[in-house]
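Subject: The model we talked about

Hi,

Here is the structure I promised to pass on. Please open it next to this message and read along.

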Amino acid sequence: MEISGKVAIVTGAGAGIGAALAARLVGAGARVVLADLDEASAARVAESLGPDAVAVGGDVADETVIRALIERAETEFGPVDLYFANAGIGGGAGLDSTDQQWTAALEVNVLAHVRAARLLVPGWVARGGGYFVATASAAGLLTQLGSAPYAVSKHAAVGFAEWLSVTYGDRGVRVSCVCPMGVDTRLLRGGLVPPEHAAEAELAVKAVTSAGAVLSPEEVAEIVLAGVAEERFLILPHPEVLKMYRHKGSDYDRWLDGMRRFQAALTE
């Protein structure tokens with residue numbers, strides 16, 4: 001995949017990984033529509049990137065908003081070549097997570113991807129090409145201590161990306177799934193679990209920060225675009241995640257026991 005000259009949409013682009021991805025894309029010669037629930041933040045990022053970036057505000061789990069993003073991209077720059085489904089949220093803590101917290105996590109972390117693909121993939125198949133990049137999490141391959149909705153929704157995001165690749169990979173649609181561990185974003189600094197669940201929130205952050213390095217959004221964006229250039233499905237900013245994932249697959253019960261011991265150690 002050659003980035004120069006392409007048209008991209010990046011969701012969750014008002015800060016963090018999304019903003020860094022937008023900057024990398026523009027720097028590589030792409031034209032980008034930045035989407036974020038916080039329209040002012042997206043607009044500030046877009047303004048800093050110059051005429052090859054525009055911002056749209058709205059909830060990217062809403063199909064009407066996704067349609068508006070695509071229409072804006074087509075009007076400003078041309079047909080969409082790449083869609084970065086990057087927006088994500090945390091969720092509740094454990095079994096006491098409310099239905100509303102479960103719904104929010106599934107809407108943003110999974111169904112936003114499904115709705116975007118529903119609108120874009122038929123056109124990509126007709127044109128003979130397109131690229132869908134899903135930002136999931138190492139939690140989608142392993143798990144997330146302290147937050148059931150986050151762990152489950154990120155597993156689902158990985159599963160949908162896999163299905164999309166298997167179903168449309170021979171029809172010109174490329175798919176990548178990004179699964180980082182710790183990244184220095186607002187989500188890690190306090191958004192994985194609501195603050196009223198102090199013990200679970202602390203556990204969730206400890207689990208991430210003690211498992212490996214906390215990368216900057218810019219470092220992650222560089223790795224993501226390198227993976228897209230190579231058309232790799234699984235993009236792992238933290239390479240050690242692959243080793244953990246292999247351990248999990250080779251002996252599931254042993255891995256579960258190790259995770260329980262890891263959890264106990266973090267809560268002592």
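First, some ground rules. This is a predicted model, so local features need pLDDT of at least 70 and side-chain atom pairs count only at pLDDT 80 or more, while totals for chains, interfaces and linings use all residues. Residues are numbered from 1 along each chain as its sequence is written, and side-chain values use heavy atoms, with hydrogens and water left out.

The sheet

Seven strands form an open sheet in the order β3-β2-β1-β4-β5-β6-β7, with parallel pairing. Here helices (H or I, at least four residues) and strands (E, at least two) are DSSP runs, numbered from the N terminus, and two strands pair if DSSP finds at least two bridges between them. The edges are β3 (53-57) and β7 (234-235); each has a single partner strand, so one side of each is left without a neighbour in the sheet.

Strand β1 (residues 7-11) runs parallel to β4 (residues 82-85), and three bridges join the two. I9 has Y83 as its bridge partner in β4. Helix α3 (residues 63-76) packs on the sheet and touches β1, β2 (31-36), β3 and β4, and its direction makes about 160 degrees with that of β3. Another helix, α5 (residues 148-168), also packs on the sheet, touching β5 (130-135) and β6 (173-178), with about 160 degrees between its direction and that of β6. Touching, or contact, means heavy atoms within 4.5 Å. Axes are lines fitted to C-alpha atoms, for helices over the stretch in contact, and angles run from 0 to 180 degrees between N-to-C directions.

On its other pairing, β1 is joined to β2 by five bridges, again parallel. A8 stands opposite V32, and I9 stands opposite V33. Five of the five residues of β1 are buried (under 20% relative accessible area, with exposed over 50% and partly exposed in between; 1.4 Å probe, protein chains only). Both of its faces are covered: V7, I9 and T11 lie on one side, A8 and V10 on the other. In β2, five of six residues are buried.

The cores

The largest nonpolar core has 50 residues, and I9, V33, L69, Y83, W124, F132 and L164 touch the most other members. Such a core is a set of buried Ala, Val, Leu, Ile, Met, Phe, Trp, Tyr and Cys residues joined through side-chain atoms within 4.5 Å. Helix α4 (residues 99-127) gives this core its largest share, eight residues. Apart from this core lies another, of 33 residues, including A30, A42, A46 and A53. Leaving aside neighbours within four places in sequence, L164 is in contact with A117, V121, F132, G169 and V175.

A buried loop residue

Have a look at A138, in the loop between β5 and α5. Its relative accessibility is 4%, so A138 counts as buried. Not counting residues up to four places away in sequence, A138 touches T143, C179, P180, M181 and V241.

Two crossing helices

Finally, the axes of α7 (residues 198-209) and α10 (residues 252-267) come within 10 Å and cross at roughly 115 degrees. L203, K206 and A207 of α7 meet F262, Q263, L266 and T267 of α10.

Happy to go through any of this with you.

Best wishes
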